[in-house]
Amino acid sequence: MSAPDRKEAEVRRMLDGPHPLVPPDLALRAAARGRRLLRRRRRLELAGWLLLFLAAVAFTYWAATQQPWMPPPTRTTPPLEGW
């Protein structure tokens, strides 16, 4: 008997044997787990969007207050004091 024939015979023997009992609430448990996973994924996605939005707001605030596009003031002359 060759290897594929032996494997096929073993699979047929396993399928012809008694099948294990499936718990009656298996579908309900699977659906509940799926709902939990979906809720978790939605929460993580919402948290990611919220974090991205807050980062954009923080960057906008920083850019508006610091104005990084403006060149720094020149320091060629000393400040005039005591006039």
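Student: Why is Pro4 called exposed?

Tutor: Because its relative accessibility is 56%, and the label exposed takes over 50% (buried is under 20%, partly exposed is in between, with a 1.4 Å probe and protein chains only). So Pro4 passes the cut-off and counts as exposed. By the way, this is a predicted model, where local features need pLDDT of at least 70, side-chain atom pairs count only at pLDDT 80 or more, and totals for chains, interfaces and linings use all residues. Residues are numbered from 1 along each chain as its sequence is written, and side-chain values use heavy atoms, leaving out hydrogens and water.

Student: Where does Pro4 lie?

Tutor: In helix H1, residues 3-16. A helix here is a DSSP run of H or I with at least four residues, numbered from the N terminus. From the C-alpha of Pro4 to that of Gly17, 13 residues along the chain, the separation is 20 Å.

Student: What makes Glu10 and Arg6 a salt bridge?

Tutor: Their side chains meet at 3.8 Å, N to O. The rule asks for a side-chain nitrogen of Lys or Arg within 4 Å of a carboxyl oxygen of Asp or Glu, so this pair qualifies. Glu10 and Arg6 are four residues apart in helix H1, which means about one helical turn separates them.

Student: How many salt bridges does the structure hold?

Tutor: Three. Among them is the one between Arg29 and Asp25, at 3.6 Å, N to O. Arg29 is partly exposed at 46%, and Asp25 is partly exposed at 34%.

Student: What makes Arg33, Arg35, Arg36, Arg39 and Arg43 a patch of positive charge?

Tutor: Arg counts as positive, and these five gather on the surface. Patch members need over 30% relative accessible area and no salt bridge, with like charges joined within 9 Å.

Technical notes: Patch = residues over 30% accessible without salt bridge, like charges linked within 9 Å, V, L, I, M, F, W, Y side chains within 5 Å. Areas by Shrake-Rupley, 256 points an atom, 1.4 Å probe, with all protein chains shown as cover. Charge placed at Lys NZ, Arg CZ, Asp CG, Glu CD. Helix = DSSP H or I, 4+ residues; strand = E, 2+ residues; numbered from the N terminus.
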